[in-house]
Amino acid sequence: MNHDVVIIGGGVAAVNALKAIRELNTDMNLTVIQNESVYPYYRTRLTKSLFEDLDANKILLQKKEWYEQNNVNLYLGREVTSIDTENCSVHLNDGSCLNYDKLLLANGSINFKPPIEGIDKENVFTIRTFQDIQTLKAKINDTETILTIGGGIQNLEAAWAFCSHGKKVMIAEFMDKLMPRQLDPRASEILKKAVEASNVKVFLGTQVTTITGEDKVNGVVTQSGDTFNCDMIVYSVGIRPNKKIYESTSIDMNLGVVVNHHMQTSLENIYAAGDIAELNGKVGGLWTIAIEQGKTAGYNIAGKTTSYNSSLPVTTLNAFHLDVFSVGTVDENSYSQTLIDDPLNDQSYRKKIR
Ligand SMILES: Cc1cc2nc3c(=O)[nH]c(=O)nc-3n(C[C@H](O)[C@H](O)[C@H](O)COP(=O)(O)OP(=O)(O)OC[C@H]3O[C@@H](n4cnc5c(N)ncnc54)[C@H](O)[C@@H]3O)c2cc1C
């Protein structure tokens with residue numbers, strides 16, 4: 001069977017590409033290979049609603065029927081192991097092989113595993129997939145104290161969920177502020193106070209070097225020699241695009257799979273979008289970016305020339321009784337004008353920069 005378009009990965013970039021293609025073309029054969037066994041879902045909900053009943057059916061990006069109604073062959077629980085760009089074929093872990101006319105790489109990223117001694121011990125987790133949440137939650141009742149490594153948005157959401165669930169929580173962040181990429185020092189200080197007011201301990205400028213315990217974690221040692229006891233660790237310290245399966249091809253790669261503004265790779269009939277893609281030297285790593293890049297790739301695949309216009313990264317955090325909103329990136333040296341509204345009550349703070 002000929003598969004006009006094959007999509008590797010079934011995340012938000014893939015689903016938005018499918019929608020864009022179907023908007024313009026109802027005839028193309030569309031096939032998605034997704035290694036998770038659940039239908040494409042809102043990944044961002046994993047940490048936002050950690051202890052809610054996260055039945056995958058309630059967080060689906062599209063209803064299950066949508067794929068059938070739109071004539072999409074969705075292969076769940078199957079993984080692409082390699083691609084052959086000479087023969088335009090994709091090889092799966094069950095030994096099967098699919099041919100394509102156009103291929104979209106939308107297989108996202110993994111959470112970076114920091115080189116910490118003992119990182120593979122029992123009860124060390126990272127949250128990327130629906131299955132990760134199930135595995136972590138199966139251990140939570142036997143857990144008292146959780147250390148999260150990394151003070152970015154994902155871990156702050158997880159820390160909030162853990163402490164709301166009655167767990168003792170600590171956050172260790174290597175930089176000198178929380179949400180270092182999105183907040184300036186004052187906003188970060190307000191956030192830290194709110195986190196601490198919920199009895200979560202925050203250790204800034206702290207690098208965990210060793211995870212201790214026989215088989216199962218019982219604590220950590222930091223670079224400065226401090227020790228903390230804990231019986232679970234959750235780390236989130238950045239992402240890495242899932243580019244390994246493309247390494248034997250001639251597709252240009254750097255941090256991720258390099259694309260132009262049409263989300264086209266160095267090979268004409270192969271596109272990439274979302275966390276796997278690198279545009280202008282940057283991997284987006286954000287939900288809204290994956291949506292727009294997926295759409296752009298979809299339109300181009302269906303024949304409508306469209307360019308992706310980089311938008312400013314937007315981040316929101318609703319936790320610890322605070323609403324945090326950040327647009328753009330914080331670089332103290334990159335702006336000359338500021339407008340600050342800070343009543344110094346640690347309740348509200350606004351800063352606009354130009
Ligand atoms: C817990 C969590 C919270 C987040 N919160 C936010 C947030 O608040 N705001 C924000 O902007 N962003 C957030 N993000 C980031 C956001 O979810 C990602 O940027 C977005 O999901 C990227 O979409 P994608 O489609 O490129 O990749 P993904 O959503 O990662 O989907 C790719 C899919 O491809 C599958 N796959 C990988 N390799 C293969 C293969 N070889 N064969 C078949 N399938 C494969 C993967 O398992 C995955 O299911 C969060 C991420 C996580 C993990």
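Q: How far does helix α6 reach from its first C-alpha to its last?
A: This is a predicted model, in which local features need pLDDT of at least 70 and side-chain atom pairs count only at pLDDT 80 or more, while totals for chains, interfaces and linings use all residues. Residues are numbered from 1 along each chain as its sequence is written, and side-chain values use heavy atoms, with hydrogens and water left out. Helices (H or I, at least four residues) and strands (E, at least two) are DSSP runs numbered from the N terminus, and the expected span of a helix is 1.5 Å times one less than its number of residues. For the 13 residues of α6 (185-197) the expected value is 18 Å, and the helix comes close to it, reaching 18 Å.

Q: Which residues of α6 are buried?
A: Buried means under 20% relative accessible area, exposed over 50% and partly exposed in between, with a 1.4 Å probe and protein chains only. By this criterion, the buried residues of α6 are Arg186, Ala187, Ser188, Ile190, Leu191, Ala194 and Val195.

Q: Which residue with a positive phi follows α6?
A: The phi of this residue lies near 65°. The residue that follows the helix with this positive value is asparagine 199.

Q: What is the radius of gyration of the protein chain?
A: The chain has seven helices and 24 strands. Its radius of gyration, taken over C-alpha atoms, is set against the globule rule, 2.2 Å times the number of residues to the power 0.38. For 354 residues the rule gives 20 Å, and the chain is as compact as a globular protein of that length because its radius of gyration is close to this, at 22 Å.
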